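Visitor: I'd like a close look at one helix contact in this model, and at what surrounds it. Take your time and keep the cut-offs in.

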Amino acid sequence: MSMDVIAILESHLTGEALRVVVTHGRAVAGLALAAARGLALPEAELGFIAEAAMLHDIGVCRVELAGLGLHAGQPYIMHGILGREILEGEGLPRHALVCERHIGVGLTLDDIVKQGLPLPLRDMTPQCLSEEIICFADLFFSKDPARLEQMKPVEQVRVKLAAFGADKVRIFDAWMARFGAALGSG
Ligand SMILES: [Fe+2]
């Protein structure tokens with residue numbers, strides 16, 4: 001990795017939260033890279049995916065997540081946009097968009113309005129292959145400290161997404177068709 005992503009994470013997180021975000025980031029990066037290699041993406045793009053997967057949850061440092069000892073007060077759903085702010089501040093605008101666009105299979109403007117989410121009114125869905133791959137990989141890993149490296153079964157991911165609508169499951173199924181081969185090799 002050309003950039004020191006661990007140093008960036010260490011400048012915003014400490015203790016158990018840092019350990020969880022680093023371990024979770026490595027799990028997501030591993031699966032995302034397996035998917036990206038299967039698609040024969042260029043080496044530079046693999047580097048970006050590895051870095052952005054490690055950094056995608058950096059925004060949790062500004063939320064309330066008692067289980068990880070985080071008491072920064074903001075609602076958890078905001079960790080995407082907060083991560084974007086942090087990485088833009090670090091001079092990483094492209095990595096920043098991965099933070100904003102990784103919630104579920106991506107939040108549409110309609111999702112934000114209808115669910116009354118405390119988020120700015122704009123589309124927050126993945127817009128390029130790398131953003132899609134990281135969003136896909138993240139769905140398979142929890143930030144539960146006891147299960148960080150345990151990949152969730154596909155059916156469990158589908159059931160969780162189904163609670164947010166059939167359109168979410170359709171997006172996931174389409175990603176499975178494109179990236180799912182990585183699950184066996186990751
Ligand atoms: Fe994540």
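Is the crossing of α3 and α7 left-handed or right-handed?

Guide: The crossing of α3 and α7 is right-handed; the rule is that a crossing counts as right-handed if the near helix is turned clockwise from the far one by less than a right angle, and as left-handed if anticlockwise. Before going on, the ground rules: this is a predicted model, where local features need pLDDT of at least 70, side-chain atom pairs count only at pLDDT 80 or more, and totals for chains, interfaces and linings use all residues. Residue numbers start from 1 along each chain as its sequence is written. Helices are DSSP runs (H or I, at least four residues), numbered from the N terminus.

Now the geometry. Two packed helices are described by the angle between their axes and the distance between the axes. For α3 and α7 the angle is about 40° and the axes are 10 Å apart, with axes being lines fitted to C-alpha atoms over the stretch in contact and angles running from 0 to 180 degrees between N-to-C directions. That angle makes α3 oblique to α7: under 35 degrees would be roughly parallel, over 145 roughly antiparallel, 65 to 115 roughly perpendicular, and the rest is oblique.

Who does the touching? On the α3 side it's Glu45, Phe48, Ile49, Ala52 and Ala53, and on the α7 side Ser130, Ile133, Ile134 and Ala137. Contact here means C-beta atoms, placed from the backbone, within 7 Å. By class you get 7 nonpolar, 1 polar and 1 charged residues, where Ala, Val, Leu, Ile, Met, Phe, Trp, Tyr, Cys and Pro count as nonpolar, Asp, Glu, Lys and Arg as charged, and the others, Gly among them, as polar.

α7 has another partner in α2. Those two pack at about 130°, with their axes 8 Å apart, and that makes α2 oblique to α7 as well. Their crossing is right-handed too. From α2 come Val28, Leu31, Ala32, Ala35 and Ala36, and from α7 come Ile133, Ile134, Phe136, Ala137 and Asp138. This contact splits into 9 nonpolar, no polar and 1 charged.

Skipping residues up to four places away in sequence, Ala137 touches Val28, Leu31, Ala32, Ala35 and Ala53. Ala53 also belongs to the α3 side of the α3–α7 contact, while Val28, Leu31, Ala32 and Ala35 sit on the α2 side of the other one.

The largest nonpolar core has 50 residues, and Ala32, Ile49, Ala53, Ile134 and Ala137 touch the most other members. Seven helices each supply at least two residues of this core: α1 (5–10), α2 (15–38), α3 (43–55), α4 (79–89), α5 (93–100), α7 (129–138) and α9 (166–179). The top contributor is α2, with 11 residues. A core in this sense is a set of buried Ala, Val, Leu, Ile, Met, Phe, Trp, Tyr and Cys residues joined through C-beta atoms within 7 Å. As background, nonpolar side chains tend to be buried together in soluble globular proteins.

Ala17 lies in helix α2 and counts as buried, with 21 C-beta neighbours inside 10 Å; the cut-offs are 20 or more for buried, 12 or fewer for exposed, and partly exposed in between. Apart from neighbours within four places in sequence, Ala17 is in contact with Val60, Cys61, Leu68, Gly69 and Leu70. Thr23, also in helix α2, is partly exposed, with 15 other C-beta atoms within 10 Å.

Last stop, the loop between α2 and α3, where you'll find Ala40. Ala40 is exposed, with 6 other C-beta atoms within 10 Å. Its phi is near 55°, a positive value in a residue other than glycine.

Definitions and conventions:
Two residues are in contact if their C-beta atoms, placed from the backbone, lie within 7 Å.
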